[in-house]
Amino acid sequence: MSETVDPKLIGSSPGTISRRDFIKGVIVGGATVSSAGYLFRASTLLAQSGAVGGRLLTINVNGQNRRADVMKQETLAWTLRHKLGLTGTKLGCDRAECGSCTVLIDDVPHYACSVLTHTVRNRKVLTIEGLASSDGTLHPIQQGVVDEQGFQCAFCMPGFIMASVGFLKTNPNPNRAELAQGVSGNLCRCQDYDKILTALMRGAENMRSASNA
Ligand code: FES
Ligand code: FES
């Protein structure tokens, strides 16, 4: 399949792609879609790696103080993935819509794509990589996902798990509807919501068992 982008479907620069153009691209075919996606991504890359000078920051991630050279416009998702190598935090929409990038900041779920890294100094960031114990024992929510074989492609899984870990800190014994509400800021492109909820409910049960043991 050709990777050539029809100049009529995109503007003369990445910033000129309209919603109409994008939808046209979807109808035309996958090559155009992926090319448009590449251009969106390219504009993000340019913005995140802009010419503005970086600053060496220390941020607490998964219980460790980590140093990174951070641009003032840099998002936490970018820093985690590209500066600290924590690629478990996924980037889906990169615009606070899908929840794939959810991490906990001081125990509260946040979209890491919409948090500037310099604002998390002196706060505690927890990513999916920090959930399991140092001996490799999975977090009860992670174990719930394994137990129930939740998720299809699992791209959305880290975000759902982090959102539910945060939610269960405020409501450790939710019913199914409450847990669904608790993770309603997260989307699954495979639309596997029923199985996901079953897995998260099992994880909540695992958490209660672990705390009663
Ligand atoms: S990537 Fe952050 S909300 Fe979608
Ligand atoms: S399981 Fe594929 S995006 Fe959720």
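This is a predicted model: local features need pLDDT of at least 70, side-chain atom pairs count only at pLDDT 80 or more; totals for chains, interfaces and linings use all residues.
1. Five strands make up an open sheet. Their order is β2-β1-β5-β3-β4, and the pairing is mixed. β2 (64–70) and β4 (108–111) stand at the edges. Each of these two has a single partner strand, so one side of each lacks a neighbour in the sheet. From one strand to the next, the twist averages 45°.

2. **The β1/β2 pair.** β1 covers residues 55–61. Seven bridges join β1 to β2, and the two strands run antiparallel.

3. **α5 against α7.** α7 spans residues 193–212. The axes of α5 and α7 lie 11 Å apart, and the packing angle is about 45°. The crossing is right-handed. From α5 come Phe160, Ser164 and Leu168. From α7 come Tyr193, Ile196, Leu200, Ala204 and Met207. By class, this contact has seven nonpolar residues, one polar residue and no charged ones.

4. **Ser164.** Is Ser164 buried or exposed? Ser164 has a relative accessible area of 0%. The cut-off for buried is under 20%, so Ser164 counts as buried. Ser164 sits in α5, which covers residues 157–170. Leaving aside residues up to four places away in sequence, Ser164 touches Ile141, Leu179, Val183 and Leu200. Leu200 is also among the α7 residues that meet α5.

5. **α4 against α7.** α4 covers residues 140–148. Here the axes are 7 Å apart and the angle is about 130°. α4 and α7 are therefore oblique to each other. α4 passes α7 in a right-handed crossing. On the α4 side, the contact is made by Pro140, Ile141, Gln143, Gly144, Val145, Asp147 and Glu148. On the α7 side, the residues include Lys195, Thr198, Ala199, Leu200, Arg202 and Gly203. Ala204, Asn206, Met207 and Ala210 of α7 take part as well. Which classes do these residues fall into? Eight are nonpolar, five polar and four charged.

6. Leu200, Ala204 and Met207 of α7 meet α5. Leu200, Ala204 and Met207 are also listed in the contact with α4.

7. **Positive phi at Asn122.** Phi of Asn122 is near 70°, a positive value in a residue other than glycine. Asn122 lies in the loop between β4 and β5. Its relative accessibility is 81%, so Asn122 counts as exposed.

8. **Positive phi at Ala154.** Ala154 is a residue other than glycine, and its phi is positive too, near 75°. Where does Ala154 sit? Ala154 is in the loop between α4 and α5.

Key:
Residues are numbered from 1 along each chain as its sequence is written. Chains are lettered from A and ligands numbered from 1 in the order in which they are written. Side-chain values use heavy atoms; hydrogens and water are left out. Helices (H or I, at least four residues) and strands (E, at least two) are DSSP runs, numbered from the N terminus. Buried means under 20% relative accessible area, exposed over 50%, partly exposed in between (1.4 Å probe, protein chains only). Contact means heavy atoms within 4.5 Å. Axes are lines fitted to C-alpha atoms, for helices over the stretch in contact, and angles run from 0 to 180 degrees between N-to-C directions. A crossing is left-handed if the near helix is turned anticlockwise from the far one by less than a right angle, and right-handed if clockwise. Ala, Val, Leu, Ile, Met, Phe, Trp, Tyr, Cys and Pro count as nonpolar, Asp, Glu, Lys and Arg as charged, and the others, Gly among them, as polar. Two strands pair if DSSP finds at least two bridges between them. Angles under 35 degrees count as roughly parallel, over 145 as roughly antiparallel, 65 to 115 as roughly perpendicular and the rest as oblique.
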